[in-house]
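Hi,

Here is the structure I promised to pass on to you.

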Amino acid sequence: DDEAPLIIEPKAEETVYRILCYENDQTLQNLIKKALAPLNIDVVITASLVDMMEWFKISQVGGNSFSAIMMDLSVHNNEYINTIVTELRAISSTVKIVLAGDMITKSSSSDYSKQGIDVVVSKPFHISELRSTFKSMINS
């Protein structure tokens, strides 16, 4: 009895949604990882804005790019935010930019969207809200 060889089809490569986060608070870093873990998102967090910008540049060249960037900017200076967003958009026009902060209100949300911010998330974070925000970004 000749048995047919077992043929295992290779799995189609899954698209991994990668997020680069700038957050300097260790507790919030852990919360972000916990909130996004069920979504099977690759989360990379740094406490340095300079590192975030550098890692983002490198990822675009290396072929392992980030789908989204989440920044906690405690400095709510429009010129400062505009400069960062302009630099990010020069590197990638398609990356989703999420701004997180404790000074964000409904009225300021529209101002940020005019500056190129795709999504704003107010702090303190609520796990369900954070998860829902990224889930809808993945599905869009």
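Predicted model: local features only at pLDDT ≥ 70, side-chain atom pairs only at ≥ 80, totals over all residues.

Residues are numbered from 1 along each chain as its sequence is written, and side-chain values use heavy atoms, with hydrogens and water left out.

The chain has 5 helices and 5 strands (DSSP runs numbered from the N terminus, H or I of at least four residues for helices and E of at least two for strands). From the N terminus on, they follow the order β-α-β-α-β-α-β-α-β-α. Of the 140 residues, 37% are buried (under 20% relative accessible area with a 1.4 Å probe, protein chains only; exposed is over 50%, and partly exposed is in between). Taking contacts (heavy atoms within 4.5 Å) between residues at least 6 apart in sequence, 64% join residues at least 24 apart.

Now the helix pair. Helix 1 (residues 26-36) packs with helix 5 (residues 127-139) at an angle of about 60 degrees, and their axes are 9 Å apart. The axes are lines fitted to C-alpha atoms over the stretch in contact, with angles from 0 to 180 degrees between N-to-C directions. The two helices are therefore oblique to each other (under 35 degrees is roughly parallel, over 145 roughly antiparallel, 65 to 115 roughly perpendicular, and the rest oblique). Helix 1 contributes Leu 31, Ile 32, Lys 34, Ala 35 and Leu 36 to the contact, and helix 5 contributes Ile 127, Leu 130, Arg 131 and Phe 134.

Next, the residues:

- Gln 29 lies in helix 1 and is buried, at 12% relative accessible area. Gln 29 touches Glu 23, Asn 24, Ile 45, Thr 46 and Ala 47, leaving aside residues up to four places away in sequence. Gln 29 and Ala 47 are 18 residues apart in sequence, and their C-alpha atoms are 8.9 Å apart.
- Gln 115 sits in the loop between helix 4 (106-114) and strand 5 (119-122) and is buried too, at 15%. With residues up to four places away in sequence not counted, Gln 115 touches Asn 78, Ile 81, Asn 82 and Val 85.
- Ser 136, in helix 5, is partly exposed at 45%. A polar atom of the Ser 136 side chain lies 2.9 Å from the backbone oxygen of Thr 133.

Best wishes

How values were computed. Polar contact = N/O pair within 3.5 Å; in protein donor to acceptor, adjacent residues only side chain to side chain.
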